[in-house]
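The structure is shown first.

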Amino acid sequence: MSQDASRIAVVHESYSFACMRCGHGWEQSYAIEHHTNAEGREFVRYVVEGRVVPSPLSRPACANCDGHLVRIMRPGRVSSARDASRARRPGHHWQLSDLLHPFQRR
């Protein structure tokens with residue numbers, strides 16, 4: 001085991017995303033690896049299914065339209081919007097407005 005590998009702390013985080021351009025919504029879980037290199041500098045790697053990926057907080061891109069106007073929310077927002085949409089309109093897909101409803105002013 002290398003010195004670097006012995007100094008890894010891993011945290012698991014999940015986020016919900018909604019593209020404000022096309023309305024696509026998705027959720028993703030990340031293993032966030034906190035490393036310390038040989039010089040003592042700390043760095044972070046985001047890992048999804050064994051692949052290192054860019055931080056979802058830096059500049060997320062929509063997998064549907066490749067747009068970068070993406071809202072990041074706490075985990076479960078997309079699935080709860082889908083569930084609520086199905087309960088109200090069986091056979092229909094959720095809408096972006098279902099996801100953003102809690103953010104709208106009354």
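## Hairpin of strands 2 and 3

Gly40 adopts a positive phi near 85° in the hairpin of strand 2 and strand 3, where 5 residues lie between the strands. Strands here are DSSP runs (E, at least two residues), numbered from the N terminus. Strand 2 (25-36) runs antiparallel to strand 3 (residues 42-48), and 6 bridges join them; strands count as paired if DSSP finds at least two bridges between them. Thr36 has Glu42 of strand 3 as its bridge partner.

The model is predicted, with local features requiring pLDDT of at least 70 and side-chain atom pairs pLDDT 80 or more, while totals for chains, interfaces and linings use all residues. Residues are numbered from 1 along each chain as its sequence is written, and side-chain values use heavy atoms, without hydrogens and water.

## Hairpin of strands 3 and 4

Strand 3 is also joined to strand 4 by 3 bridges, in antiparallel orientation. Val47 is paired with Val52 in strand 4. The two strands form a hairpin with 2 residues between them, and Glu49 in the turn has a positive phi of about 50°.

## The largest pocket

The largest pocket holds about 280 Å³ of space. Its lining comprises 14 residues, of which Trp26, Tyr30, Pro54, Pro60 and Ala61 are the closest to the centre. A pocket is an open set of points on a 1 Å grid over the protein atoms alone, where a 1.4 Å probe fits, with protein on both sides within 12 Å along at least five of seven lines; lining residues have an atom within 4 Å of a point. Grid points are joined across faces, edges and corners, and the volume is the space filled by probe spheres set on them.

Strand 2 gives the most to this lining, with 3 residues.

Notes:
Helices (H or I, at least four residues) and strands (E, at least two) are DSSP runs, numbered from the N terminus.
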